[in-house]
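Subject: Handover of a structure, with findings

Dear colleague,

Please find below the structure that I am handing over to you.

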Amino acid sequence: MFHSIKRFQIGRSGWTLWLLIGVLCVGCQTSPQRKEEALSHMRLGDSLLQEGKPTQALGELLKATELDPDDPQIRNVLGVVYLEKGMPVQAVEHFQKALSLDPKYVEVRNNLGIAYLRSGKIQEAIRELNLAVESPVYTTPQFAYYNLGQAYLALQDYEKARVNYLESLKLSPQYSLGYFGLGLTWKATENWEQAAEAFKKTIEYAPRFPPGHFELGEVLVRLNENALARLAFQEVIQLAPDSEQARKAKEKLRELK
């Protein structure tokens, strides 16, 4: 999700992006009228993105970039749109441009880290995310810590992943995705009881998050708590009946019969 006074969930991964929308002095030669028109297109694109219309949002952001190519905010939002459309390579390009225009725009480093993650460039992602959490002016480092956990999880370095998820939870004790990531590390290392506790915390703070229920169900099967596992899989089907995860949950229910 990114923050433009409000919050928006990016895709299915739950990775978190934050964007501050305000008038920045970009020091370019674009006229004040073109700047204001560009910001209007950006705000409209932001709204369309939050409505789940990334293609329409992209059109507005491209207009905004054409009007004012040197506004780092516009480049950042355009990168977010490309991420939502599953185009991380293009997202990287615009996040990098935003940082070249404003090297102190630290929120973009978290976004760039996510784009690198989705491009399979894990080490580059770790570099950018570490720069984000090390910045004294970054106001939401818990999200970058979570994304660092995701990077180390992709590398199957479960200990480092766990450390970063725990850091995110120290900063935001009700951060459901932090518990979810933590649960995945415990599950990967077959620590079933710890995994179950983490996934229970996930759905405590995000009761309508189907992956939390699904992962809890799988772990409960490992703990021979089949009755509770059935309830977890049934919750997935109820929350997202047409999803791929619901299909898998139905398969799990058949196996439990």
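In which helix is Asn164 found? Asn164 belongs to helix 8, which spans residues 158-171. Please bear in mind throughout that this is a predicted model.

Asn164 has a relative accessible area of 10%, so it falls under the 20% limit for a buried residue. Not counting residues up to four places away in sequence, Asn164 touches Tyr145, Tyr146, Leu148, Gly149 and Tyr152. Ser168 also lies in helix 8, and with a relative accessibility of 0% Ser168 counts as buried. Leaving aside neighbours within four places in sequence, the residues in contact with Ser168 are Gln142, Tyr145, Tyr146, Tyr175 and Gly178. Between Ser168 and Leu148, which are 20 residues apart along the chain, the C-alpha separation is 9.6 Å.

Turning to the chain as a whole, its secondary structure amounts to 13 helices and zero strands. Of its 257 residues, 52% are buried. Among contacts between residues at least 6 apart in sequence, 49% join residues at least 24 apart. The chain exposes about 12600 Å², and 51% of that area is supplied by carbon and sulfur atoms.

The aromatic residues deserve a separate paragraph. How many aromatic pairs does a search of the whole structure find? The search finds seven. One of the pairs is formed by Tyr179 and Tyr205, which are stacked, with 5.9 Å from centre to centre and 20 degrees between the planes. This pair links distant parts of the chain, as Tyr179 is in helix 9 (residues 176-188) and Tyr205 is in helix 10 (residues 192-205), 26 residues apart. The two partners can be described by their accessibility: Tyr179 is buried, with a relative accessible area of 14%, whereas Tyr205, at 29%, counts as partly exposed. Ring pairs also link Phe143, Tyr146, Tyr165 and Tyr175 into a cluster. A charge and a ring meet at Arg162 and Trp186: the charged end of Arg162 sits over the ring of Trp186, 3.8 Å from the ring centre.

Finally, I would draw your attention to helix 13. Helix 13 covers residues 244-255, 12 residues in total, and its first and last C-alpha atoms are 17 Å apart, close to the 16 Å expected at 1.5 Å a residue. Which residues of helix 13 are buried? They are Ala246, Ala249 and Leu253. Seen down the axis of helix 13, these buried residues fall within an arc of 55 degrees, and they therefore line one face of the helix.

With kind regards

Key: Residues numbered from 1 in each chain as written. Predicted model: local features only at pLDDT ≥ 70, side-chain atom pairs only at ≥ 80, totals over all residues. Heavy atoms only, no water. Helix = DSSP H or I, 4+ residues; strand = E, 2+ residues; numbered from the N terminus. Expected span 1.5 Å × (residues − 1). Buried < 20%, exposed > 50% of the residue type's maximum accessible area, 1.4 Å probe, protein only. Arc of directions from axis to C-beta. Contact = heavy atoms within 4.5 Å. Phe/Tyr/Trp six-rings, centres within 6.5 Å; stacked < 30°, edge-to-face > 60°. Lys NZ or Arg CZ within 6 Å of the ring centre and 35° of its normal. Areas by Shrake-Rupley, 256 points an atom, 1.4 Å probe, with all protein chains shown as cover.
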